[in-house]
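Let's take a look at a pocket and a pair of helices, one question at a time.

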Amino acid sequence: MIRQPSRHCTVKLQADPARIGHVRRIVSAQLRYWHLDALIDPAALGVTELLANVHRHALPSKQCTVELCVLLDQLTVSVRDLDPRLPHLRAAGSWETCGRGLALIAALSESWGVRPHDPGKVVWFTLPALTTAPEEARAHRTHWHPAPLAGADAGPPPRHRSARVG
């Protein structure tokens, strides 16, 4: 039985450090509204990492779109920007102060990936939208592999709710 088959929220913004806290509050409020409180911390952390990557790496513009989509029992969080260069997972040395963002996304999520999206790209991750906490759900998984970077699946369904920041 499907009670709420799909819920969707979109936020468009300029990925400036001052805006990231604002987007974290929007994500937290939206997940609270959907009664997905257990997902607030991992989703907000993941969004922060993805927006920091846009701020640091995206060219020519820092304009991006954050999308949250709950489809059945899965939350998909995605960030779309205008830079066509695809990020790659790398192993940062213990002395390095950056370079761990995608590794963090891989560690906190059920699955993740990146795909080209004309004119840029979309980086996404999923979390189980269950009544248990995400770390409990991950502990019950028997087999997990992150999605391949270049061959990720299609993105979230059409927009139902949106907001624009700055």
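Here come a few questions and answers on this model.

This is a predicted model, where local features need pLDDT of at least 70, side-chain atom pairs count only at pLDDT 80 or more, and totals for chains, interfaces and linings use all residues. Residues are numbered from 1 along each chain as its sequence is written, and side-chain values use heavy atoms, with hydrogens and water left out.

Q: Which helix gives the most to the lining of the largest pocket?
A: The largest pocket has a volume of about 600 Å³. Elements giving two or more residues to its lining are helix 2 (40-57), strand 3 (74-81), helix 3 (101-108) and strand 5 (120-128); helices (H or I, at least four residues) and strands (E, at least two) are DSSP runs, numbered from the N terminus. With eight residues, the top contributor is helix 2.

Q: How do helix 2 and helix 3 run relative to each other, roughly parallel or roughly antiparallel?
A: Two packed helices are described by the angle between their axes and the distance between the axes. Here helix 2 and helix 3 have axes 10 Å apart and an angle of about 160°. Angles under 35 degrees count as roughly parallel, over 145 as roughly antiparallel, 65 to 115 as roughly perpendicular and the rest as oblique. So helix 2 and helix 3 are roughly antiparallel.

Q: Which residues of helix 3 make the contact with helix 2?
A: Contact means heavy atoms within 4.5 Å. On the helix 2 side, P42, L45, G46, E49, L50 and N53 take part. From helix 3 come G101, L102, L104, I105 and L108.

Conventions
On a 1 Å grid over the protein atoms alone, a cavity is a set of points where a 1.4 Å probe fits but cannot get out, and a pocket is an open set with protein on both sides within 12 Å along at least five of seven lines; lining residues have an atom within 4 Å of a point. Grid points are joined across faces, edges and corners, and a volume is the space filled by probe spheres set on the points. Axes are lines fitted to C-alpha atoms, for helices over the stretch in contact, and angles run from 0 to 180 degrees between N-to-C directions.
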